[in-house]
Each structure stands twice: as structure tokens, then as C-alpha cells.
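Hi everyone, thanks for making time.

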Amino acid sequence: MSRYTRPHDGQVRLMTKIARMYHERGARQADIAEALSISQAKVSRLLKRAEALGIVRTIVTVAPGVYTELEEQLEQRYGLTEVVIVDVDPEADETETLASIGAGAAAYLEATLSGTDRIGVSSWSQTILAMVDRMRPFPTRGATEVVQLLGGMGAAEAQSHSHRILGELARMLGAEPVYVPAPGLVAGPDIRDSLLADASMQDVTRRWRELTMAIMGIGSVEPSDVLATSGNAFSPEERSPLLAAGAVGDICHRIYRGDGSLVRGDIDDRIIAIPVDDLRRIPRRVGVAGGPRKLDAIRGAVAGGWVTTLITDLRTAELLAAD
């Protein structure tokens with residue numbers, strides 16, 4: 001016997017007809033109501049009943065290159081709000097991997113920005129530069145302001161790189177750019193304190209406390225080529241005690257261990273960057289990184305709650321899930 005009883009056969013037939021018109025032919029509810037001489041409210045009601053009775057069933061087909069199940073697994077495992085996995089050729093070198101992750105990050109921003117965000121950005125990251133290079137100008141304002149999260153001054157070529165990231169991202173989003181008028185790393189805490197007391201830096205630190213979103217590269221202890229030539233990188237002599245303390249990576253020059261705990265010390269007192277407490281108060285903190293060289297740094301960043309959202313490549317995501 002049919003699951004539908006005889007008295008309801010007429011209504012089942014009508015529900016099926018409406019469901020076919022709406023889901024298979026793409027007819028609007030108003031047009032269906034007119035064609036069948038019934039109210040639009042009844043069309044809506046019968047479509048809902050068709051779903052409840054199983055006449056209409058929703059099946060989500062995962063598109064090629066989309067890894068929703070793995071993303072959800074990592075979100076649950078590390079307490080992340082969102083994970084975005086980018087499909088990268090297994091044979092890709094580091095430059096190609098950066099380009100693919102950058103393109104994925106650009107697409108993520110285009111899909112999620114509301115226009116009211118105040119965004120902080122780490123401006124020494126090659127991955128963030130790859131993201132900016134692949135963005136298109138937003139048709140409407142994507143954010144109100146874009147603020148550097150750490151010192152942007154240094155060697156001329158590297159400073160140009162840093163300013164290009166901030167300026168281009170602000171231009172794409174139709175936002176106001178806010179630069180940090182100081183180096184990322186200074187000779188001592190007295191110099192840092194003096195620079196932070198300057199009126200121009202006081203304005204920046206106020207803006208840091210008002211950020212709603214951060215877009216950050218995740219660095220390994222060994223600096224990128226750009227950072228290495230900037231005058232803002234840690235020297236080999238400075239890296240040795242960091243490595244001895246278990247350091248695996250940094251976000252905005254804040255060094256952390258494999259479990260995500262902060263490595264404090266002399267270097268931390270010489271950095272001009274958003275304070276750790278202010279960084280952690282930002283509601284949406286997007287980490288953009290991938291590739292074998294960054295695996296330990298990414299693992300520490302997600303384990304320590306440095307980021308709420310991770311954008312990475314498939315191979316890195318699989319390795320994180322296998323831990």
C-alpha cells in the first residue's frame with residue numbers, strides 16, 4: 001500500500017505537481033498560484049508539506065575541489081569558527097602553493113566582508129601579498145579601514161612591499177589605510193616605549209583596539225625572504241634562544257611554541273605590533289598559510305587559539321587532521 005492514504009491522494013497529487021513546477025521547472029510561487037488558481041500562501045504551505053512528507057528531498061552534492069567534511073573535522077578538532085581548504089596541485093612548489101592559497105583567501109574575503117569591518121593586516125607576509133594580488137576591487141565598500149598590525153618601516157624595498165599590501169588592500173575594499181609609522185623591531189624596550197608614546201602611534205594603538213577582523217600570515221621562526229631583508233627580522237643569534245625555548249612560529253612578531261603558548265623575553269619587549277591581548281580580542285582572526293615549511297607554525301597557531309579562521313592547502317589540512 002502507498003504511504004499516502006486514499007483521502008489525501010488529491011492533495012498529494014497537487015503537492016507533487018507544485019513541487020515539480022517549482023523545483024524542476026524553476027517557476028515562481030506567484031506564477032504557480034496563478035496557473036493553478038490557488039493562493040500563493042497555499043503554494044508555499046504545500047511546498048513545505050512536500051518536504052515534510054519526503055516528496056521533495058534535498059541532496060547536497062559536493063563540488064570538485066571542495067572539502068567540506070575535512071573542513072568541519074578541523075573546525076571541531078581545534079575549536080575554529082571556519083576552515084577554508086584550497087585545492088593545490090600536489091606537485092606545486094612553494095610559490096605556486098602561496099599563489100593558490102592567496103587566491104582562496106581573496107575569494108573568502110569577497111564572500112564574507114560586510115562593509116562595516118575594521119580590518120587589521122600583517123603586512124610582511126608573502127601569502128597576504130599573494131591574496132592582495134588576486135583581489136578585484138569591490139563594487140561597494142568592503143570595509144571602513146585597514147590597519148597595519150605591526151611596524152611597517154624597514155629597508156626601502158621591503159617597506160615598499162609592506163605598504164603595497166596595505167595600500168592595495170585598502171584600495172580594493174574602498175577603505176581608509178592606516179600605517180604604523182615605526183619599525184617592527186627596535187633595539188631596546190626604551191626605544192619601543194618612546195615610539196609608542198608618540199601621538200601618531202597612540203592613534204594607531206587606539207585603532208588596534210577597535211578592530212573587528214584581522215588577516216594575518218603565519219610565520220615560521222625562519223623568516224621569509226621579504227622579512228629577512230626588511231631589517232625587522234630576528235637575527236640568527238636571536239633565533240637560537242627562541243628555538244631552545246620551543247618556538248615554532250609567529251603571528252605579528254609574537255612568537256609561540258608548538259602548543260600555542262607565547263614565548264616571552266627580550267625580543268617581545270622590542271616589538272612594535274598589536275599587543276597580544278588586543279589581538280586576541282578581535283572577533284574574527286583569519287590565518288592564511290600553508291605548505292610543509294609552515295606546518296608546525298600553523299599547528300601551534302590553531303592549538304593556541306591565535307586564529308579563529310584558517311585558510312590553508314589540502315595537504316596541510318590532511319596533516320593537521322592526522323595529528
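The largest pocket holds about 240 Å³ of space. A pocket here is an open set of points on a 1 Å grid over the protein atoms alone, where a 1.4 Å probe fits, with protein on both sides within 12 Å along at least five of seven lines; lining residues have an atom within 4 Å of a point. The volume is the space filled by probe spheres set on the points, which are joined across faces, edges and corners.

This is a predicted model, with local features needing pLDDT of at least 70 and side-chain atom pairs pLDDT 80 or more, while totals for chains, interfaces and linings use all residues. Residues are numbered from 1 along each chain as its sequence is written, and side-chain values use heavy atoms, leaving out hydrogens and water.

Helix α13 (residues 295-303) packs on α14 (residues 314-322) at about 60°, with the axes 11 Å apart. Axes are lines fitted to C-alpha atoms over the stretch in contact, and angles run from 0 to 180 degrees between N-to-C directions. So α13 is oblique to α14 (under 35 degrees is roughly parallel, over 145 roughly antiparallel, 65 to 115 roughly perpendicular, the rest oblique). Leu295, Ile298 and Arg299 of α13 meet Thr316, Leu319 and Leu320 of α14, contact meaning heavy atoms within 4.5 Å. That contact has four nonpolar, one polar and one charged residues.

Next, α8 (residues 189-197) and α9 (residues 199-208): their axes come within 5 Å and cross at roughly 80°. That makes α8 roughly perpendicular to α9. Leu195, Leu196 and Ala197 in α8 touch Ala199, Met201, Gln202 and Thr205 in α9.

Finally, the axes of α2 (residues 29-36) and α3 (residues 40-52) come within 8 Å, crossing at roughly 110°.

How values were computed:
Helices (H or I, at least four residues) and strands (E, at least two) are DSSP runs, numbered from the N terminus. Ala, Val, Leu, Ile, Met, Phe, Trp, Tyr, Cys and Pro count as nonpolar, Asp, Glu, Lys and Arg as charged, and the others, Gly among them, as polar.
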